[in-house]
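User: I have a model open and want to talk it through. Can you start with how the surface is worked out, then go on to the fold?

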Amino acid sequence: MSGLREISIIATPPEQRLAIKTFVMDYDETVIREACLREIHRGGQMYFVHNEVKTIQRMAEELTNLLPEAKIAFAHGQMGEMQLEQIMRDFYHQRFNILVATTIIESGIDVPSANTIIINRADKFGLAQLHQLRGRVGRSHHQAFAYLLVPERKYISKDAGKRLTAIEQLDTLGAGFSLASHDLEIRGAGELLGETQSGLIDDVGFNLYTEYLNRAIKAIQKTSDKSGADVIDHTQQAANLDAPLPTEISMGVAALFPDSYLSDIHLRLVMYKRIASAQNAEELKELQIESIDRFGLLPDEGKYLFRCTELKLQAMPLGIQKIDVDDEGGKIEFAQHAAVDPVTIIELVQNQPRVFSLQGPTILRINKDLDEIDLRFSFIEQLVQHLTATEGRV
């Protein structure tokens with residue numbers, strides 16, 4: 001999956017730009033007053049972020065009582081468009097000192113004279129939000145300050161504490177990528193193969209998913225010199241390349257390397273990838289010999305993994321999309337233009353009506369007790385070999 005996107009990091013700040021000094025502290029009116037007066041006395045402006053619309057006016061009134069020397073206004077996204085625009089114009093032209101606002105200022109605001117920001121209840125914000133909000137100040141050559149106000153540390157969550165520590169420590173210029181990495185560590189990178197993943201990969205199958213992904217990446221790479229619309233079009237058509245799609249195999253057994261056989265999860269995933277990428281039976285046989293040589297005799301689950309993969313290699317050229325079999329039988333699903341002579345399938349149904357039946361034009365049902373696993377594999381392997389012997393494009 002490493003071909004999706006190349007990353008370039010912009011770590012060189014504009015000339016004369018200074019890093020924003022960041023402080024995390026408890027809510028303290030004395031600190032707020034000192035920070036505001038320092039900015040006002042040097043002719044600057046400041047933001048006070050209070051992200052609750054219903055109490056933002058009361059917050060502005062409290063600041064007015066605390067700072068009678070300052071001119072204060074408030075703004076939030078529920079205001080009318082004309083009213084909001086006028087407030088922002090007045091702030092830009094320095095008609096007042098302090099703007100009490102919600103996260104509406106998070107992006108797209110560039111006021112060079114604003115060089116201090118106070119963020120109330122900073123523990124409720126995500127790391128990316130804090131980084132964006134902090135970036136609203138310090139947009140000139142003046143030293144900027146960011147104060148992140150929180151309640152007592154014992155009242156904030158563990159993850160919130162990690163976010164605040166990260167934003168406080170990484171206050172150097174060009175620290176965005178490092179902050180993103182910290183955010184990934186705190187929130188987690190998601191789970192592609194586990195039970196808690198939120199997509200449909202369980203239905204698609206990991207092999208098919210990676211195959212589609214690789215094809216889409218190659219299609220994009222081939223069209224890198226064309227317009228974005230062409231790239232999207234080729235990406236959507238990536239699944240229609242000439243190579244056959246991998247067959248999804250489900251034999252009702254665990255086909256894997258158990259922890260007791262191969263405990264290193266990274267090495268286990270590497271072996272899975274190599275097995276899934278095998279192009280023919282010879283490569284698969286070499287991988288099986290290598291596994292035995294490196295890790296010992298294969299357990300039953302490992303043997304089933306190699307048999308399923310070999311079965312996939314045999315079924316793919318035939319245009320078999322899915323083999324789903326358990327102890328009570330199952331089905332084989334063909335593509336619309338499978339490379340199998342339809343007469344062969346009809347003969348199977350006619351000669352063994354108790355075993356085979358058709359379910360629509362593309363599904364062959366198997367009605368047979370296959371409770372023994374070896375018998376199940378042998379039956380399907382022989383069936384695929386029989387279809388291969390009579391292969392013919394329809």
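Analyst: Accessible areas here come from the Shrake-Rupley method with a 1.4 Å probe. On that basis the protein has an accessible surface of about 22,900 Å², and 49% of it belongs to carbon and sulfur atoms. Keep in mind that this is a predicted model.

User: What share of the residues is buried?

Analyst: Of the 394 residues, 39% count as buried.

User: And how many helices and strands are there?

Analyst: The protein has 14 helices and 11 strands.

User: What percentage of the contacts between residues at least 6 apart join residues at least 24 apart in sequence?

Analyst: That figure is 71%.

User: Now the sheet with 6 strands. What is the strand order?

Analyst: The order is β1-β6-β5-β2-β4-β3, in an open sheet with parallel pairing. At the edges are β1 (21-26) and β3 (72-75), each of which pairs on one side only. Neighbouring strands in this sheet are turned against each other by 20° on average, with direction ignored.

User: How many bridges join β3 to β4?

Analyst: There are 4, and β4 covers residues 98-101. As for individual residues, F74 stands opposite V100 in β4.

User: Which strands does α4 touch?

Analyst: Helix α4 (residues 127-134) packs on the sheet and touches β1, β2 (45-49), β5 (114-119) and β6 (145-150). The direction of α4 makes about 150° with that of β5.

User: What about α5, which strands does that one touch?

Analyst: Helix α5 (residues 158-169) also packs on the sheet, where it touches β1 and β6. The angle between the directions of α5 and β1 is about 145°.

User: How far apart are the end C-alpha atoms of α5?

Analyst: They are 17 Å apart. At 1.5 Å a residue, the 12 residues of α5 should span 16 Å, so the two values agree.

User: Which residues of α5 are buried?

Analyst: A160, R163, L164, A166 and I167. Viewed down the axis of α5, the buried residues fall within an arc of 160°, so they line one face of the helix. K158 and Q169, on the other side of α5, are exposed.

User: Back to α4. Which of its residues are buried?

Analyst: L127, L130, L133 and R134 are the buried residues of α4. Seen down the axis of α4 they lie within an arc of 130°, so they too line one face of their helix.

User: How many bridges join β9 to β11?

Analyst: There are 4, and β9 and β11 (residues 363-366) run antiparallel. E333 has I363 in β11 as its bridge partner.

User: Where is D341?

Analyst: D341 sits in the loop between β9 (329-334) and α13 (342-351). D341 and L318 are 23 residues apart in sequence, with their C-alpha atoms 9.7 Å apart in space.

User: Last one, Y212. Which helix is that in?

Analyst: Y212 lies in α8 (residues 206-222). With a relative accessible area of 33%, Y212 is partly exposed. Y212 and P246 are 34 residues apart in sequence and 9.6 Å apart in space, C-alpha to C-alpha.

How values were computed. Residues numbered from 1 in each chain as written. Predicted model: local features only at pLDDT ≥ 70, side-chain atom pairs only at ≥ 80, totals over all residues. Heavy atoms only, no water. Helix = DSSP H or I, 4+ residues; strand = E, 2+ residues; numbered from the N terminus. Buried < 20%, exposed > 50% of the residue type's maximum accessible area, 1.4 Å probe, protein only. Contact = heavy atoms within 4.5 Å. Pairing = 2+ DSSP bridges. Axes fitted to C-alpha atoms, helices over the stretch in contact; angles between N-to-C directions. Expected span 1.5 Å × (residues − 1). Arc of directions from axis to C-beta.
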